[in-house]
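Subject: Structure for your review

Dear colleague,

My notes on it follow, arranged by topic.

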Amino acid sequence: MQEIPSSRQVELPESVAETAPRETVIVHVAADEILVQDRPLASTDGIREGSELIIEPLRDALSSQLNNLPPAARQQAEVTILGDRSIPYDVLRRVMATCTEAGFSQVSLAVTQTAPEGGDSL
Amino acid sequence: MKRYRARRARHQEAAELNVTAFMNLMVVLVPFLLILAVFSRITVHELNLPGSGVADDDPPQLQLEVVVRADRVVISDRRQGVLQEIENQDSGYDIERLAEALVSIKTQAPEVDRATILLEPEIDYQSLITVMDTVRGTAPHGSEEQLYEALFPRVSIGDAPAGDGGPET
């Protein structure tokens with residue numbers, strides 16, 4: 001299981017999903033900016049104003065991440081999106097489209113697991 | 001020799017540590033740190049992206065779509081059209097009714113395991129995840145029974161068709 005850094009700027013949505021995260025490239029979508037592997041790339045507001053589906057700086061960063069992967073892993077390259085719970089679907093859609101455009105075929109959405117009221121988590 | 005041993009024994013006694021103060025500190029510190037610890041765990045939702053190479057061998061007779069709009073959730077079949085519309089409550093989406101509707105669809109078509117969630121651009125991420133939890137079949141607020149287990153675990157995401165809700169309400 002991968003250790004995902006909890007970030008101050010990103011408040012993950014709550015969910016009851018139980019799949020453990022794997023070791024993947026991480027895209028942070030905070031309320032104000034987008035980061036890949038903790039490197040800021042674009043401002044979220046700027047993306048909302050623009051109309052293009054593909055976010056260029058994000059695609060370039062993801063492509064270079066993809067090139068760092070061993071060739072065998074490139075076919076099934078995975079990316080995990082850590083999105084703030086307040087971001088609109090519009091932004092998320094473009095981030096996901098950019099991920100697939102860059103060659104990442106598996107996209108996961110990170111969430112904070114909440115305990116179902118009946119049972120106990122952890 | 002005897003004398004030497006006696007002296008050594010006395011020396012060892014003197015070296016014994018008084019740990020009482022340290023234990024007192026620990027008794028306070030351990031519960032304090034436990035309270036501070038955040039018991040949150042990060043998990044992931046895996047998505048079925050369109051064109052991710054999963055071949056559609058034979059399209060199932062039911063192609064379920066859950067359209068999330070600002071004021072309601074519409075459950076529809078790509079061929080039959082709208083199956084059910086669920087208006088929002090004051091507190092937001094009526095997740096319980098959505099879950100009930102999905103369970104009844106699942107009982108009618110138990111072999112269907114995939115669904116598409118279509119969203120309007122302004123829907124926030126938390127709502128997406130909540131609806132996704134419901135469609136997947138994990139009860140949203142931990143309803144007593146695990147009744148909703150595995151409804152439609154293979155979820156895709158897409159854009160809601162423009163216009164306000166397709167067929168008239």
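**A pair within one helix**

A:Arg94 and A:Asp90 are four residues apart in helix H4 of chain A, so about one helical turn separates them. The side chains of A:Arg94 and A:Asp90 form a salt bridge, in which the closest N and O atoms are 3.1 Å apart. Both A:Arg94 and A:Asp90 are buried. Please bear in mind throughout that this is a predicted model.

**Other salt bridges**

Over all chains, the count of salt bridges comes to 15. One of them joins A:Glu11 to A:Arg85, with 3.6 Å between the closest N and O atoms. A:Glu11 lies in the segment before S1 of chain A and A:Arg85 in the loop between S5 and H4 of chain A, so this pair ties together parts that are 74 residues apart in sequence. A:Glu11 is partly exposed, its relative accessible area being 47%. A:Arg85 is also partly exposed, with a relative accessible area of 25%.

In chain B, a salt bridge connects B:Arg69 with B:Glu120, and the closest N and O atoms are 3.0 Å apart. This pair, too, links distant parts of its chain: B:Arg69 is in the loop between strand S2 (64-68) and strand S3 (72-77) of chain B, while B:Glu120 is in the loop between strand S5 (114-119) and helix H4 (125-136) of chain B, 51 residues away. B:Arg69 has a relative accessibility of 4% and therefore counts as buried.

Salt bridges can also join into a network, as they do among A:Glu56, A:Arg59, A:Asp60 and A:Glu101.

**Where the two chains meet**

How many residues of chain A are in contact with chain B? There are 39 of them, and they touch 31 residues of chain B. Between them, chain A and chain B bury about 3100 Å², and 58% of this lies on carbon and sulfur atoms. Of the area that chain A buries against chain B, 21% is supplied by A:Val16, A:Tyr89 and A:Leu109, which is more than any other three residues supply.

Two salt bridges are found across the interface of chain A and chain B. The side chains of A:Arg22 and B:Glu46 meet in a salt bridge with an N to O distance of 3.2 Å. Across the same interface of chain A and chain B there are 19 residue pairs in polar contact, where both residues have a pLDDT of 80 or more.

Which elements give two or more residues to the side of chain A that touches chain B? They are strand S1 (14-15), strand S5 (78-83), helix H4 (89-101) and strand S6 (106-113) of chain A. S6(A) provides the largest share of that side, namely seven residues. By residue type, the side of chain A that touches chain B divides into 19 nonpolar, 11 polar and nine charged residues.

S6(A) also pairs with a strand of the other chain: S6(A) and strand S1 (residues 41-46) of chain B are antiparallel and are joined over six bridges. Here A:Gln113 stands opposite B:Arg41 in S1(B).

**The fold of chain B**

Chain B contains four helices and six strands. Read from the N terminus, its elements follow the order α-α-β-β-β-β-α-β-α-β. Chain B has 169 residues, of which 39% count as buried. Among the contacts in chain B between residues at least 6 apart in sequence, 60% join residues at least 24 apart.

**A strand with two partners**

Is S3(B) enclosed by the rest of the structure or open? Six of the six residues of S3(B) are buried, so this strand is largely enclosed by the rest of the structure. Both of its faces are covered: B:Arg72, B:Val74 and B:Ser76 are buried on one side, and B:Val73, B:Ile75 and B:Asp77 are buried on the other.

S3(B) runs antiparallel to S2(B), and five bridges join the two. In this pairing, B:Val68 stands opposite B:Val73 in S3(B). S2(B) is joined to S3(B) by a hairpin through three residues.

S3(B) also pairs with strand S4 (residues 81-87) of chain B, in the antiparallel sense and over six bridges. There, B:Arg72 stands opposite B:Glu87 in S4(B). S3(B) and S4(B) likewise form a hairpin, with three residues between them.

Yours sincerely

Conventions. Residues numbered from 1 in each chain as written. Chains lettered and ligands numbered in written order. Predicted model: local features only at pLDDT ≥ 70, side-chain atom pairs only at ≥ 80, totals over all residues. Heavy atoms only, no water. Contact = heavy atoms within 4.5 Å. Buried area = accessible area lost by both parts, 1.4 Å probe. Salt bridge = Lys/Arg side-chain N within 4 Å of Asp/Glu carboxyl O. Polar contact = N/O pair within 3.5 Å; in protein donor to acceptor, adjacent residues only side chain to side chain. Nonpolar A, V, L, I, M, F, W, Y, C, P; charged D, E, K, R; others polar. Pairing = 2+ DSSP bridges. Buried < 20%, exposed > 50% of the residue type's maximum accessible area, 1.4 Å probe, protein only.
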